[in-house]
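Visitor: I would like to go through this structure with you, one topic at a time. Shall we put it on the screen?

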Amino acid sequence: MGFTGYENKDAGSWSTAKDTYNSFGNNRGKSAFFNDRGNSSRGRFEHGGFGGGGGNSRWVEEPRDDGDWSKPTPRNERLEHELFSGSNTGINFEKYDDIPVEATGQNCPRHIESFQDVDMGEIVMGNIALSRYTRPTPVQKYAIPIVKSKRDLMACAQTGSGKTAAFLLPILSQIYTDGPGEALNAAKASGQVSNGKYGRRKQYPISLVLAPTRELALQIYDEARKFSYRSRVRPCVVYGGADIGQQIRDLERGCHLLVATPGRLVDMMERGKIGLDHCKYLVLDEADRMLDMGFEPQIRRIVEQDTMPHKGVRQTMMFSATFPKEIQILARDFLEEYIFLAVGRVGSTSENITQKVVWVEESDKRSFLLDLLSATGKDSLTLVFVETKKGADALEDFLYREGYACTSIHGDRSQRDREEALNQFRSGKCPILVATAVAARGLDISNVKHVINFDLPSDIEEYVHRIGRTGRVGNLGLATSFFNDKNGNITKDLLDILVEAKQEVPSWLESLAYEHQHKSSNRGRSKRFSGGFGARDYRQTAAGGNTGGFGGRGGRNQTGHGGTRGFGGGGFGNFYTSDGYGGNYSHSQVDWWGN
DNA sequence: AAAAAAT
């Protein structure tokens, strides 16, 4: 227990940060951002708190709400070390330069090429430098100026594209510029602030970020802590499975930016701990996933049936890997005159992941896995995906008995165990992690050498997300999938992915895909798109122009109805057909699971 | 025939 003292192991990086900062911010004159060596007089250490990311303790700022929000608060070396010395979760930007981005909508702001191209203020620029971000990723190049110019945004982008920073940086920058505004008065009316003590009954966050899974919420929160370093903004996170009392106490210390999973947030609202009256920035992350998980009622409750400012008053950003009809409807309801951003796929276009598909019968999977593991270096991180929670437990047990240091993560484990498993995996203490779908999306674990699909998913999007856990930060990655006759439904899509990523295709897979295509009708139709985009702005082709009204009948069916799609062909049509059901995506999901 | 998520 206890925290390690601050050690300036990384002295070089501070000066790098300083240089980067100075090259930008010298118009403001001499800044105190990196020169102030004084200890902050406020704040304290919190031991064993929830959501502390890696450590057992963390420095907790106690921001004063008054004063100039655009000016950095004093430096705190210990906090700085805690926030920025961790493994670099940044992206190798060069690798991502060829990812195509398409921005559509009226008066779309021009994209930037460097973080210096838009004025985000000295706090944000300082934290960008401390995070060692050199250049914006494609989604950041486009999203940052869009958000900065106060436009609503619908972005189709996957995790791993740098989208968390793409919305956090401009939102925080805007908050620093504008100050707390109404939120401060509300907080004062609600309790204290003036005397600087705890005990506010109700918090009025200026920005709200909704995420589908608890771990993802935690990860976004960790990013928010970095980018709000030396500011008056205090980020908080709330999610289920953790002690609510502790979360409430954390909220009561001040909350300007809240990251939440929907269920727990509704709970907090009903308890009167959170008011959304002054929420100026709303982000829905992984929106398609949230709908898949049945969060729509909670989301609508939060956005439409409470005190949240109306669309057009607040600024709303939606992120989604796909753009099926349900998401289009949500976009119509939540967004005003939005810019649509389509960002090319990261996982499949990146050739630094070697994808292998091997035929393995169910009964042979375990021994095959052992062979793979024994061929892998002892310390390299291996992520093994299975389809069910029971399967995860059983496989973890098996590997443990075989003498492997492994752990597991799935929805039936306690939140504490889930977070511990993740930490043990990240740190290399347990270099093998057996996981269900909970770990497929969003989680940023660097240095995963090998992703093994012990069970293949039935959904190609899920596959792309899973293999995207490796090959990050420009590293080489390996993804091995066990395929057998239970995986017929993914054959065609898997083949498409392998071809697109220029991977070796087993001949049996090719012939299987050929057979499958002739057997199946609409259902087997590919959900993927040519051109590497996850989706497209349906407004461009919908009758009535691009001002947004999704009439339900306005859209044109581009593909024709029920036609067979040739190999690799297609285009974008199947997400915005005008028939009663719209997207083929949702349709096949409904058919498959029967709900 | 599943996983995830408020209790």
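**A conversation about the model**

Guide: Asn107 lies in the loop between β3 (101–104) and α3 (121–130); helices (H or I, at least four residues) and strands (E, at least two) are DSSP runs numbered from the N terminus. This is a predicted model, in which local features need pLDDT of at least 70 and side-chain atom pairs count only at pLDDT 80 or more, while totals for chains, interfaces and linings use all residues. Residues are numbered from 1 along each chain as its sequence is written, chains are lettered from A and ligands numbered from 1 in the order in which they are written, and side-chain values use heavy atoms, with hydrogens and water left out.

Visitor: What is the phi of Asn107, and is the residue buried or exposed?

Guide: Its phi is near 50°, a positive value in a residue other than glycine. Asn107 has a relative accessible area of 70% and is therefore exposed; buried means under 20%, exposed over 50% and partly exposed in between, with a 1.4 Å probe and protein chains only.

Visitor: And Glu286, where does that residue lie?

Guide: Glu286 is in the loop between β8 (281–284) and α10 (287–292). Its phi is also positive, about 50°, although Glu286 is not a glycine. With a relative accessible area of 3%, Glu286 is buried.

Visitor: Let us step back to the whole chain. How many helices and strands does chain A have?

Guide: Chain A has 19 helices and 16 strands. Of its 595 residues, 58% count as buried. Among contacts (heavy atoms within 4.5 Å) with a separation of 6 or more in chain A, 76% are between residues 24 or more positions apart.

Visitor: Turning to aromatics, how many pairs does the structure hold?

Guide: There are nine aromatic pairs. Rings of Phe, Tyr and Trp (its six-membered ring) pair if their centres lie within 6.5 Å; planes under 30 degrees apart count as stacked, over 60 as edge-to-face and the rest as tilted. In one of the pairs, Phe84 and Tyr229 have ring centres 5.6 Å apart and planes at 65°, so the arrangement is edge-to-face.

Visitor: Which parts does that pair tie together?

Guide: Phe84 belongs to helix α2 (residues 77–84) and Tyr229 to the loop between α7 (214–227) and β6 (235–238), so the pair ties together parts that are 145 residues apart in sequence. Both Phe84 and Tyr229 are buried.

Visitor: How are Phe454 and Phe482 arranged?

Guide: They form a tilted aromatic pair, 5.7 Å centre to centre with 50° between the planes. Phe454 is in the loop between β15 (448–453) and α16 (460–467), and Phe482 is in strand β16 (residues 477–483), so parts 28 residues apart in sequence are tied together. Phe454 counts as buried at 9% relative accessibility, and Phe482 counts as buried at 0%.

Visitor: Which residues do ring pairs link into a cluster?

Guide: Trp359, Phe483 and Trp508 are linked in that way.

Visitor: Now His450. Which side chain does it join in a polar contact?

Guide: The side chains of His450 and Thr480 are joined by a polar contact of 2.7 Å. A polar contact is a pair of N or O atoms within 3.5 Å; within protein, one must be able to donate a hydrogen and the other to accept it, and residues adjacent in sequence count only if both atoms are side-chain atoms. His450 lies in strand β15 and is buried, with a relative accessible area of 4%. Leaving aside neighbours within four places in sequence, His450 is in contact with residues including Leu372, Leu383 and Thr470.
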